[in-house]
Amino acid sequence: MADKNLFTDRVKITIKSGEGGDGMNSFKSFKGKPACGPDGGDGGNGGNVYIVADTNVNDLLSFRYISKYFAGDGERGGSNKCFGKFGEDVIIKVPLGTVVKDFESGAVIADMFEEGEKKLIAEGGRGGKGNVRFTTSRRHAPNFAQKGEKTQPHVLALDLKVIADVGLIGFPNVGKSTLLSKISSAKPKIANYHFTTLSPNLGVVKYYDNSFVTADIPGLIEGASEGAGLGHDFLRHIERTRMLVHVVDVSGVEGRDPVEDFKKINAELKGYSEKLASLPQIIALNKCDIYGAEENVKAFKKKYGKKYKIYTITAVSGEGTEELVAGVYELLSSLPPVSRVEVDETFTYRKSGNLGFEIYMDGDVYVVVGDLVDMLCRNVVLNDPDSMAYFQKIIREKGVIAKLKEMGIKENDTVSIGEVEFDFIP
């Protein structure tokens, strides 16, 4: 069983839109008149699968327990031209910042960026047409109906990437959580041991009439870019941030060198992503109230004072944090907003209305495949003359016959289209 306290930011789920209901093949009947004309209604459309961004959802933990999301199937059409009921939609709620990918190809389908954002992920199958739909001036009593469109399950990868303006980085136990609790209303778990923070904590920092979102990213350690410690699991959460506040324990009470700590964390950022390493940084030298910190502050400023803005703070008491917030807001004001992940707009699980086809040779047989064939398999009743006439009309109109001739087909060569196999006659 999964740990309920475990922060979950990457899961795999299976979705399936509903299948379309079959059309009805029926005829009106009255006493003494058993067949008075077609009256079969259309089947209902299958339900859609949507994903919605919801601020009330904090992580992807619930998907550890429920990983299959299937929409309802459409109902079969009825007699007397009655339509079948539509299948129920499925709405999947995810945290803001969730990136939705096709698991097999890795294509990015959606970036759930804003509260209430709704994305259609898989469209339900269309309901089949009842036999009343196939009546024409020459065909008064069609004895066939269309089957509902079938759908396939698909596997999605949900990847949560925190949306924040500022990322707090630094070694474990340098005071990031304490700092966040002082400058925002966030209440992160704080204790005097490494890796107190096991998930990103977000806080809204107010600066007069303005505000910005700050994320306390779990402590990095040497080797994090190669997966050590919390490694890649949380390094990717700062990929969206606009800037970084690098918190350094300048007291040296744990026997660490502040300058070396700073170098190592930046090396991990660069090892993971050049983009992260190039983000603007402000340095917050923390624990300045501890004896011996003053000398380390001087050494640090001598080393990096010309390249970075450096603020001295004591997060526990809040000393220096107002100046730090002002400096962060000033820098943020000059930076572009948080950006979305680029989405593959061409990706779809169903090509509605695209009745394409391909033809390949299987020995001496010309085999036709594609969406057009799928549609014909739903529409055609092999033992009904009207249905077969419809079949022949469609393959001519859609260019199948022309393509076969272009490929050099000869009289009496065999053609296979779905369940239909016939000898070609020009």
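The following exercises, with worked solutions, concern a predicted model.

**Exercise 1.** Determine which residues of helix H6 are buried and how they are arranged around the axis.

*Solution.* 
Step 1. Helix H6 spans residues 321-332, and its 12 residues reach 16 Å from the first C-alpha to the last, close to the 16 Å expected at 1.5 Å a residue.
Step 2. With burial set at under 20% relative accessible area, the buried residues of H6 are Thr321, Leu324, Val325, Gly327, Val328 and Leu332.
Step 3. These residues cover an arc of only 165° around the axis, so they lie on the same side of H6.
Step 4. In general, an α-helix has 3.6 residues a turn, so residues three or four places apart point the same way.
Step 5. Glu322 and Glu330, on the other side of H6, are exposed.

**Exercise 2.** Identify the residues with the most contacts inside the largest nonpolar core, and the elements that give two or more residues to this core.

*Solution.* 
Step 1. The largest nonpolar core comprises 34 residues, and those with the most contacts inside it are Leu179, Ile238, Met243, Val245, Leu324 and Val328.
Step 2. Two or more residues of this core come from each of strands E9 (166-169), E11 (210-216), E12 (243-249) and E13 (281-286), and from each of helices H1 (176-183), H3 (258-272) and H6.
Step 3. Leaving aside residues up to four places away in sequence, Ile238 touches Ile169, Ile217, Leu244, Leu269, Leu276 and Leu279.

How values were computed
Residues numbered from 1 in each chain as written. Predicted model: local features only at pLDDT ≥ 70, side-chain atom pairs only at ≥ 80, totals over all residues. Heavy atoms only, no water. Helix = DSSP H or I, 4+ residues; strand = E, 2+ residues; numbered from the N terminus. Expected span 1.5 Å × (residues − 1). Buried < 20%, exposed > 50% of the residue type's maximum accessible area, 1.4 Å probe, protein only. Arc of directions from axis to C-beta. Core = buried A, V, L, I, M, F, W, Y, C linked by side-chain atoms within 4.5 Å. Contact = heavy atoms within 4.5 Å.
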